[in-house]
Protein chains: 2
Amino acid sequence: MNTTTNYDKTAPESGGGAAPSTLPPNFFRLDLILRLFVFASTVSALVVLVTSKDTETIATGFPPPFASVTRDAKFNYSPAVIYLLVALAVAILYSIITIIGSCSLASRPAPSTKILFNLIVFDTLMAGILASATGSVGSVAYLGLRGNTHTNWNKVCNVFGKFCKHIGSSTVVTLAATIGLILLVVLSSYSLYRRSR
Amino acid sequence: MNTTTNYDKTAPESGGGAAPSTLPPNFFRLDLILRLFVFASTVSALVVLVTSKDTETIATGFPPPFASVTRDAKFNYSPAVIYLLVALAVAILYSIITIIGSCSLASRPAPSTKILFNLIVFDTLMAGILASATGSVGSVAYLGLRGNTHTNWNKVCNVFGKFCKHIGSSTVVTLAATIGLILLVVLSSYSLYRRSR
């Protein structure tokens, strides 16, 4: 059978007969920097989210003692924000584990291909979870900012400004962490590609 | 320098001195099945989304001719649903391109590693986009189903039942497509891993 011809053509250097003389590419430092970035952004997003409690005194138009009413906005009032909180907590835990793993690999010339494969799989999963959490909170935050006249959902950000700023910042920072994880997938798969036959 | 020892140990078969005698693994058929699944699910999600228009006659309690009012719910009333629509359209286009590419690779014994690397990168991106769209529409659909007493956002699914069913089904099917894309990333990276030195 001659079916291997096409394949051999794509990787002529593998048939040289000698063990690989050059070291495989090692993107350990870039990997660690990206993982630290993901860790820092998820931690800051979580802190901003948890400290988003906002208490406002709203004038009612009635005479005293009913002239004003105190209302508060907390992150646990919306299921979408609770989902973001859980996703961020999982991402922080995952970041810590992978940073420790990344540091322990520093002494090696290159991580094993099995580790790279596992990193691609779990980074993709984490990126998917964070992306869906970003989307869910983003749409609720947009509703709070603009409201929706078709469903009579009034905007709330004109009252709870601090709360909305915190939720919005947290969403943007989570988006940055998601992009960091996608870049990690690209890096790991590029590393695997450079080491493929 | 003796730093390559650890690396060589992980892949002893590559130092055999001979050109690879076994064919590289080819998951073309599984890849094509998964891509067809992603295509079918995104198309059905888009169709369900576009046909979600619901017109309801709501009793107002006033005497005739004001006894009832006709209200409709359409997908373009919510920015989150429009985002899902655009994401689905992009995913369908992407699916068609990759299915054609996948078929054209069928004659080869195995796809080149460069193609596998590119597939991982773009599949991850598409999965991220679909995941965020699923999250954004999911949270809005949940608001429509349950409402939110803290923000006085009343539920709307008790009135527009057909609309909510369509949006909900579309979200679930999009989630299935996202999982399909993540499985494609796993498959491509496994294929790359099996061909790594």
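Okay, one term before I start: when I say helix or strand, I mean a DSSP run, at least four residues of H or I for a helix and at least two of E for a strand, numbered from the N terminus. Everything today comes from a predicted model.

With that term in hand, let's begin at Thr151(A), which sits in the loop between α4 and α5 of chain A. Is Thr151(A) buried or exposed? Buried counts as under 20% relative accessible area, and Thr151(A) comes in at 17%, so it's buried. Who does it touch across the sequence? Setting aside residues up to four places away, Thr151(A) is in contact with Asn154(B) and Val156(B).

Go one residue along and you get Asn152(A), in that loop between α4 and α5 of chain A. Asn152(A) is exposed, with a relative accessible area of 55%. Now look at chain B. Asn152(B) is in the loop between α4 and α5 of chain B, its phi is near 60° and again positive in a non-glycine residue, and its relative accessible area of 55% makes Asn152(B) exposed.

Okay, let me zoom out to chain A as a whole. It has five helices and two strands, and from the N terminus the order is α-α-β-β-α-α-α. Of its 197 residues, 45% count as buried. The chain exposes about 9900 Å², and carbon and sulfur atoms supply 67% of that. For contacts between residues at least 6 apart in sequence, 78% join residues at least 24 apart.

Next, the helix packing between chains. Helix α4 of chain A, residues 113-146, packs with helix α5 of chain B, residues 161-194, at an angle of about 170°, and the axes are 10 Å apart. Over 145 degrees counts as roughly antiparallel, so that's what α4(A) and α5(B) are to each other. On the α4(A) side, the residues making the contact include Phe117(A), Ile120(A) and Val121(A), while α5(B) brings in, among others, Ile182(B), Val185(B) and Tyr190(B). By class, the contact has nine nonpolar, three polar and one charged residues.

Staying on α4 of chain A, have a look at Ala131(A). It's buried, with a relative accessible area of 5%. Which residues does Ala131(A) touch, leaving out those up to four places away in sequence? They are Thr178(A), Gly128(B), Ala131(B) and Ser132(B). Also, Ala131(A) and Thr174(A) are 43 residues apart in sequence, yet 8.1 Å apart C-alpha to C-alpha.

In soluble globular proteins, nonpolar side chains tend to be buried together. Here the largest nonpolar core has 62 residues, and those touching the most other members include Leu49(A), Trp153(A), Leu181(A) and Leu130(B). Helices α2, α3, α4 and α5 of chain A, plus α2, α3, α4 and α5 of chain B, each supply at least two residues of this core. Take Leu181(A) as an example: beyond its neighbours within four places in sequence, Leu181(A) is in contact with Val38(A), Tyr94(A), Asp123(A), Met126(A), Ala127(A) and Leu130(A). Apart from that core lies another one, of 14 residues, with Val121(A), Val185(A), Leu116(B) and Ile120(B) among them.

That's my tour, thanks.

Methods:
Residues numbered from 1 in each chain as written. Chains lettered and ligands numbered in written order. Predicted model: local features only at pLDDT ≥ 70, side-chain atom pairs only at ≥ 80, totals over all residues. Heavy atoms only, no water. Buried < 20%, exposed > 50% of the residue type's maximum accessible area, 1.4 Å probe, protein only. Contact = heavy atoms within 4.5 Å. Areas by Shrake-Rupley, 256 points an atom, 1.4 Å probe, with all protein chains shown as cover. Axes fitted to C-alpha atoms, helices over the stretch in contact; angles between N-to-C directions. Parallel < 35°, antiparallel > 145°, perpendicular 65-115°, else oblique. Nonpolar A, V, L, I, M, F, W, Y, C, P; charged D, E, K, R; others polar. Core = buried A, V, L, I, M, F, W, Y, C linked by side-chain atoms within 4.5 Å.
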